[in-house]
Amino acid sequence: MSEEQEGTMHIGELAERTGLSLRTIRHYGDVGLLPASGRTEGGFRLYSEADQQRLMRIKYLKPLGFSLEELSEVVELLELETLDDQQRERAQASLEHVQKERGKLAAYLQQADILADQLRDQLNS
């Protein structure tokens, strides 16, 4: 491995570390969400620790109903040190979206707890 590639990982290691499939990671690269940091001489994709962090953000945002374009925007906002006024507006809209989705998920979880209690009651009767 060249000095330039030190500290990088192949897609298989990235998949293992994140729990995502190779296909998903390749798709995110193809649509511009997670371009590879580099390539080996043989053309294999290489990823950095920063890429892994970005992918984990994508992984956690994806179930919240963001489109791929919105995912890209939110991840980019999270990677900025400071936000200008326009970026703050977009971050506020994204925060509101996350809070709305969190409320839905909390309601689903509450329903799951009720059903689990009912099933336990059935098993214990």
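Predicted model: local features only at pLDDT ≥ 70, side-chain atom pairs only at ≥ 80, totals over all residues.
**Entry 1: H4 and H5**

I began with helix H4, residues 68-79, and helix H5, residues 85-124. I found that their axes come within 10 Å and cross at roughly 120°.

Next I asked which residues form the contact between H4 and H5. On the H4 side I listed Glu73, Val74 and Leu77. On the H5 side I listed Gln87, Arg90, Ala91 and Ser94. Sorted by class, the contact comprises three nonpolar, two polar and two charged residues.

**Entry 2: Asp51**

I turned to Asp51, which I located in helix H3, residues 49-61. Is Asp51 buried or exposed? Its relative accessibility is 10%, so I recorded Asp51 as buried, the cut-off for that class being under 20%.

I then looked up the surroundings of Asp51. Leaving aside residues up to four places away in sequence, I found that Asp51 touches Leu34, Pro35, Ser37 and Leu46. For Ser37 I also noted a polar contact, side chain to side chain with Asp51, at 2.3 Å.

Last, I checked a separation along the chain against one in space. Asp51 and Ala106 lie 55 residues apart in sequence, and their C-alpha atoms are 30 Å apart.

Conventions: Residues numbered from 1 in each chain as written. Heavy atoms only, no water. Axes fitted to C-alpha atoms, helices over the stretch in contact; angles between N-to-C directions. Helix = DSSP H or I, 4+ residues; strand = E, 2+ residues; numbered from the N terminus. Contact = heavy atoms within 4.5 Å. Nonpolar A, V, L, I, M, F, W, Y, C, P; charged D, E, K, R; others polar. Buried < 20%, exposed > 50% of the residue type's maximum accessible area, 1.4 Å probe, protein only. Polar contact = N/O pair within 3.5 Å; in protein donor to acceptor, adjacent residues only side chain to side chain.
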